[in-house]
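Hello,

Here is the structure I promised to pass on to you.

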Amino acid sequence: MRRILIMGATSAIAEATAREFAALGAALFLVGRDSARLSAIADDLRLRGASQVDTQVMDARALDDYPQLVDAASARLGGLDTALIAHGTLTDQAAAQASIALLDDEFRVNALSQMALCTVLGNRFEAQGHGCIAVISSVAGDRGRQSNYVYGAAKAAVTAFTSGLRQRLHPKGVVVLTIKPGFVDTPMTATFRKGPLWATPAQVARTIVRAIQQRRAVLYTPWFWWPIMLIIRHLPEALFRRLRL
Amino acid sequence: MRGSPSWGRLPGAEPQWLAIGSRHQALPERASMLPWGNGRSYGDSCRNDGGVLLAAGALDRYIAFDPATGIIEVEAGVQLAAIIALALPHGWFPAVTPGTRWVTVGGCIANDVHGKNHHRAGSFGHHLLDFELLRSDGTVLHCSPTEHRDWFDATIGGLGLTGLIRRARMQLQRVGGPWLRGDSLRFGSLAEFFALSACSEPDYAYTVAWLDCSASGRHRGRGIFLRANHAPATVAGPQQEAAGRALRLPFTPPLSAVNRLSLRAFNTLYFHRPAAQARERLWHYRPFFYPLDAIADWNRLYGPRGFYQYQCVLPAADAETVLDEMLARIAASGLGSFLVVLKTFGAQRSRGLLSFARPGVTLALDFPNRGAATLALLDALDRLTLDAGGAVYPAKDARMSAAAFQQYFPQWQAFARYIDPKFSSSFWRRVTGSTTA
């Protein structure tokens, strides 16, 4: 995982993970919307040990630009070994229930764009015969809940898509890792009341790097979300539909 | 995940948080805000009940570091631990460090913190080259000893009230490596402490003493004096000390574990342990500067009611008499703590308008919160400090009266002109008698 593309590099989880990569001396290509924030993060990662950091400004919605993006990253880093796809928004559920346009946009930002980038990267890594695509999905994608089913449905698409891609690329030596964080204390969730289930971006980042190194398929992070979601996934509908989750 | 916003964990209102994730971000539109770094201030100077706390811990990016000059530029949420991690391998160390490395640079500036080398290095502000201050009207002030100098001086020790510090540049000090070398010496009285301080300060960069606050009668004023210098690069101590295992207090005991019995036992054992008397010994920087960082969340030891810390500075002239009186009252009360620290401050004038450090001697100790009894004792200590012409440290305080504060810091009104109209803290409202958040 020496040459790494990070999509959504200004997100708290991506930045924390990039610090772990930097400490290992990796070369990084950071993609985000905000050039000032990208360059602040790039300066920091260089001091943290990254052997090279390049940045590119891009809106994740621009699906047609992904082939060009991957070419640029590969050209700057002299090839590509790993990609971390971490961009996304936390959907305002109430607003998305009331607006088809917002629903459409949320699916573009939280599902379609991840799948587009996975497609480009998957084909490239398949051709080169190695590589790892790590995609941040969410425990919210494991089962639709009334409090955030628009976001959850987009993440469910990402989870299903990466599962299929993993099967397809496994014989080719390419790893696809589906990452399912639970509650993470980031600016995205700053106004939420925090309980004991909340993790820091740094804690989540360490588990992501370990999972990449171990060529894992699915990562619930922190680990305790695996038994929690196992239970939630298996609750019978007769009961589940009465819950306020 | 976050519990109390302040280290003393005294009961208080549930805080409202807003995160600042980028130094390129504008301040939110709120009527009452207070920057919050890592919550290591003990009392209410890092609380803003009724308003919001701007959680700036995510402003934790390095900006630039020059291993040739030891000048480092960081975002204000970077902690000293992170500066040490980056700079020490290149032979640089913070020029001034308080007793924990889990403090942010913004917090170090806002409280103009001091360390065991105050007699030589002054306080944190003396090593600050410049910083950037964001005001709620969107103005960005670049402050240094030559540019916006009045804002520079108001913000150093300015308790976070002058605006949000976004980035800062400071000069680190050259060191040989992670080790310190010096002596640990028992002393039997305050007179001996002052004599040891006077004879050690010319030769040692760091001096500090631990006092046995439960000792009474002829033992009153006894303690252990530490003095040390950074050791040259060729020196290395035992590996297990360098490894620095960290423990964590995993829960809050239902009652304070600090009581008359445990205090007396701990203090007596600590004073008599063999390591208390050792010459030419080596310390790794972690146990030397940050002994309490080895036990994460040690502040929970005081139970769910939390604790007060009292830190005062007394002018040198009457310091011995006043300290003796303070120790007598503390010992008689049976309140008090494991870690009582005594240290002489140097003559260097602090940079900040509202800085705490001033020539004299400073005493710091914790008191478990036992309600009225604790407050009465602290008020009694305050009267002694006031009469002596001393001052109490705002970063540690949760209870001093407005009258006391205004006498300790007569320049407070001059300072008030620099407060951002949308910034406030529970501390500031308390000590200025203002009621609205």
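Predicted model: local features only at pLDDT ≥ 70, side-chain atom pairs only at ≥ 80, totals over all residues.

Residues are numbered from 1 along each chain as its sequence is written, chains are lettered from A and ligands numbered from 1 in the order in which they are written, and side-chain values use heavy atoms, with hydrogens and water left out.

Let's start where the chains meet. On the chain B side, 18 residues are in contact (heavy atoms within 4.5 Å) with 20 residues of chain A. Together the two chains bury about 1,500 Å², 56% of it on carbon and sulfur atoms; buried area is the accessible area (1.4 Å probe) lost by two parts on being put together, summed over both.

Two salt bridges are counted between chain B and chain A. The term stands for a side-chain nitrogen of Lys or Arg within 4 Å of a carboxyl oxygen of Asp or Glu. A:Glu15 pairs with B:Arg61 in a salt bridge, with the closest N and O atoms 2.5 Å apart. Both residues belong to a salt-bridge network that also includes A:Arg19, A:Asp44, A:Arg48, B:Arg23, B:Asp60 and B:Glu75.

Over all chains, the structure holds 38 salt bridges. In one of them, A:Arg124 meets A:Asp71, the closest N and O atoms being 2.5 Å apart. A:Arg124 sits in helix 5 (residues 100-128) of chain A and A:Asp71 in helix 3 of chain A, so this pair ties together parts that are 53 residues apart in sequence. Helices here are DSSP runs (H or I, at least four residues) and strands likewise (E, at least two), numbered from the N terminus.

In chain B, B:Asp183 forms a salt bridge with B:Arg279, at 3.8 Å between the closest N and O atoms. B:Asp183 is buried, with a relative accessible area of 2%, whereas B:Arg279 is exposed at 56%. Buried means under 20% relative accessible area, exposed over 50%, partly exposed in between (1.4 Å probe, protein chains only).

Enjoy exploring!
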